[in-house]
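The tour goes from one selection to the next.

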Amino acid sequence: MLSTRTAGLGSAFRQAALVSKSSRSQVVRAALVKRSVQTQSLPSTAAENILNKQRLQRPSSPHFTIYQPQLTWVASIANRITGSGLSVLLYGYALAYLVAPETFASANVIELIHGLPEAVKYAGKTILAAPFAFHSLNGLRHLAWDSGRFLSLKGAYSSGYAVLGATAIATVGLVLW
C-alpha cells in the first residue's frame, strides 16, 4: 500500500477494487494513461536562445574558489605555473639569441645588467630565483613520491612545508650570491 501511495495511485486502486470487473479496467487504465503534453516547434535560433538563457541561470559547478586552500593543491598549481614560466623564459631567450645573437650575447647581457640599479638587480634575481628554487625542490619532492616516500597525508604536508622552507632559504641564498 505504501508504494501505491507514493506513486499517487492509491485512490485509483481502491476504486478499482470496489467496482465491477468491466469498469475496473477502465479505472486502472484512466489512472495509468499519461497526460499528453503539447509542444510547439521553434526555429533553431529561438531554441538556442532559450538554452543560452537557461544556462546563464544555472548554478556553476563547484570551483576551487569555494574550497579552503590546501597545501597539496596550491603547491601543485604553483609547480605547474613556475615550470611554465621558467620554460617560457628559457625558450624566449633561446629564440631571441637565435634571431639576434650579437644583441643577446653574454657580454652584452652582463653589460646591461651591470648598468642597472642595485634594487632592480635584487628584484630581478628574486623574480628568477624563487620560481627556480621552488620548481627544483618540488621536483625533488615528486621524485621522492615516485620512490614511494611521503605518500601519507602527514608526509605530503611535511614534505610540502619542507619545500616551502627550503625554497625561502634557497631564494635568499641565490639572491645574495
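Begin by selecting L86, L89, L90, K125, L128, A129, F132, L174, V175 and W177, which line the second largest pocket of this predicted model. The elements that give two or more residues to this lining are α5, α7 and α8 (153-176), and α7 gives the most, with four residues. About 280 Å³ of space lies in the second largest pocket, and its lining divides into nine nonpolar residues, no polar ones and one charged.

Next, select helix α5 (residues 71-99) and helix α7 (residues 118-146), which pack at an angle of about 125° with their axes 9 Å apart. Angles from 65 to 115 degrees count as roughly perpendicular and those over 145 as roughly antiparallel, and α5 and α7 are therefore oblique to each other. Viewed as a pair, α5 passes α7 in a left-handed crossing. To see the contact, colour A75, A78, N79, T82, G83, L86 and L89 on α5, and L128, P131, F132, F134, H135, N138, R141 and H142 on α7; these residues divide into eight nonpolar, six polar and one charged.

Finally, move to the largest pocket by selecting L89, Y93, V109, I113, L116, V120, K121, G124, K125, I127 and L128, which line it. About 370 Å³ of space lies in the largest pocket. Helices α5, α6 (106-114) and α7 each supply at least two residues of its lining, with the largest share, six residues, coming from α7. By class, the lining of the largest pocket has eight nonpolar, one polar and two charged residues.

Methods:
Residues numbered from 1 in each chain as written. Predicted model: local features only at pLDDT ≥ 70, side-chain atom pairs only at ≥ 80, totals over all residues. Heavy atoms only, no water. Axes fitted to C-alpha atoms, helices over the stretch in contact; angles between N-to-C directions. Parallel < 35°, antiparallel > 145°, perpendicular 65-115°, else oblique. Left-handed = near helix turned anticlockwise from the far one by under 90°. Contact = heavy atoms within 4.5 Å. Nonpolar A, V, L, I, M, F, W, Y, C, P; charged D, E, K, R; others polar. 1 Å grid on protein atoms, 1.4 Å probe; cavity = no way out; pocket = protein on both sides within 12 Å on 5 of 7 lines; lining within 4 Å. Points joined across faces, edges and corners; volume = space filled by probe spheres on them.
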